[in-house]
Amino acid sequence: MVVIIGFGRQSVCFRFVCALLFSFLIMTETVRAELTVHVGPVSPGGGGSNPISLPPINLQEYELVWLTDQHREWSVSLVPGLFYGHRYVMKQGGYVSMGAGLAVSFHGVGPGVYAAFGYTGCSWFCFNIEYKKALGVLPGMLIQPYAIRMGVVLFRN
Amino acid sequence: MLNLKSARWCCLSFLFFLFSGPVSGLETGAGLISMEEGDNRLRPGVLASISHGTWDGRVYYCARSYGPVLEQLTLLALTGSFSLPSVSWLSARYGLGLLEEHTSIHYSNTMDQGKSRAESRYNLGVALGLRASFIISGDVYVEGGWDSYLFPAGLSGGLFLATGRKEVIYLGSGIRW
């Protein structure tokens, strides 16, 4: 992690290393997975959460979550960031996830951890609602972005 | 420094848990917190807790003063918890949070005393969090937690998920009776 910080957040090397790690970890997981696409208001640390844009055209409101059948998940969004973790699924469709990655906030980007609380329910389509929060470290401060999102689950078994 | 209404809520919740079942299995504790309110700034405070089985009652308190202004925040949380599979020391918590934010402006000089004022605001929200707890000696335990309290931001809170959040990171200790 010290090496990544030394590269600088905007450098080509930093992006290449992140992409390489991302690709390597994906290849070690099974391909079968479910994909959640959801949208909702985010709080990047500028004070409060904002209502979702209508129509929802703001890119920061979207998130993709890829869940493998070993309950490992990848979360990709502008806020709260890019994370990899484990999902603990409960009987009634609720779940708790936690893991680590890169937290993104109004004040910057830094390594951190995340936790998410959500629910997935299925009828003729699978609906998901989730609250996700992160705790990241920047020089001299902690950042704590979060988002509340709703959406659909694709490719669910 | 708690106002009367907050003290009343605290006492009621403590009495409820104290007499809701057998005393054995009761946990009481206290600790320190840092609270964040959507702006990445951490505010110090204190907590007191009482637990019985999977139910937990907590009170968080933060206060700060600058000049004639005094801001007090009291958060009462009533939550249930469940352990995560294969992680016995970690539990997830869910429940309700009742928030009181009290602001008072007090001028000590007689010329401005008529301008003194005070107001309180209340909100009810959802509590979600993670808690880690370890026994260190006999009946003494230490705990740490990362809790979120989500409050609806007006009418938009219900329709468009707009919320205000109090995020609490805490460390504490207590006794199992």
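Predicted model: local features only at pLDDT ≥ 70, side-chain atom pairs only at ≥ 80, totals over all residues.
Chain A comes with two helices and ten strands, and chain A and chain B bury about 2400 Å² between them. Over all chains, a search of the whole structure turns up 21 salt bridges, yet the count between chain A and chain B is one.

**Getting to know chain A**

- Chain A has 157 residues, and 45% of them are buried.
- Its accessible surface comes to about 8000 Å², with 71% of that belonging to carbon and sulfur atoms.
- Take the contacts in chain A between residues at least 6 apart in sequence: 48% of them join residues at least 24 apart.

**Where chain A meets chain B**

- Chain A puts 34 residues into the contact, and chain B puts in 28 residues.
- Of the roughly stated total, about 2400 Å² buried between the two chains, 69% is on carbon and sulfur atoms.
- On the chain A side, A:Phe117, A:Lys133 and A:Gln144 lose the most area to chain B, and together they account for 25% of what that side buries.
- A:Lys133 also forms a salt bridge with B:Glu167, with the closest N and O atoms 3.8 Å apart.
- Nine residue pairs, both partners at pLDDT 80 or more, are in polar contact across the interface of chain A and chain B.
- Which elements of chain A give two or more residues to the side that touches chain B? They are β6 (94–105), β7 (108–122), β8 (126–138), β9 (141–143) and β10 (146–154).
- Sort the residues on that side of chain A by type and you get 23 nonpolar, ten polar and one charged.

**A salt bridge inside chain A**

- A:Arg149 and A:Glu63 meet through their side chains in a salt bridge, at 3.7 Å from N to O.
- This pair links distant parts of the chain: A:Arg149 is in strand β10 and A:Glu63 is in strand β3 (residues 62–68), 86 residues apart.
- Buried or exposed? Both A:Arg149 and A:Glu63 are buried.

**Salt bridges inside chain B**

- B:Arg165 and B:Glu36 pair up in a salt bridge between their side chains, at 3.0 Å from N to O.
- B:Arg165 lies in strand β8 (residues 163–176) of chain B and B:Glu36 in strand β1 (residues 26–36), so this pair ties together parts that are 129 residues apart in sequence.
- B:Arg165 counts as buried because its relative accessible area is 3%, under the 20% cut-off.
- B:Glu36 is buried as well, with a relative accessible area of 0%.
- Another salt bridge joins B:Arg121 to B:Glu101, whose closest N and O atoms are 3.6 Å apart.
- Here the pair ties together parts 20 residues apart in sequence, because B:Arg121 lies in strand β6 (residues 117–137) of chain B and B:Glu101 in strand β5 (residues 87–105).
- B:Arg121 has 49% relative accessibility, so this residue counts as partly exposed.
- There is also a network of salt bridges in chain B, linking B:Glu27, B:Asp56, B:Arg58, B:Arg93, B:Arg131, B:Glu143, B:Asp147 and B:Arg176.

Terms used:
Residues numbered from 1 in each chain as written. Chains lettered and ligands numbered in written order. Heavy atoms only, no water. Contact = heavy atoms within 4.5 Å. Buried area = accessible area lost by both parts, 1.4 Å probe. Salt bridge = Lys/Arg side-chain N within 4 Å of Asp/Glu carboxyl O. Polar contact = N/O pair within 3.5 Å; in protein donor to acceptor, adjacent residues only side chain to side chain. Helix = DSSP H or I, 4+ residues; strand = E, 2+ residues; numbered from the N terminus. Nonpolar A, V, L, I, M, F, W, Y, C, P; charged D, E, K, R; others polar. Buried < 20%, exposed > 50% of the residue type's maximum accessible area, 1.4 Å probe, protein only. Areas by Shrake-Rupley, 256 points an atom, 1.4 Å probe, with all protein chains shown as cover.
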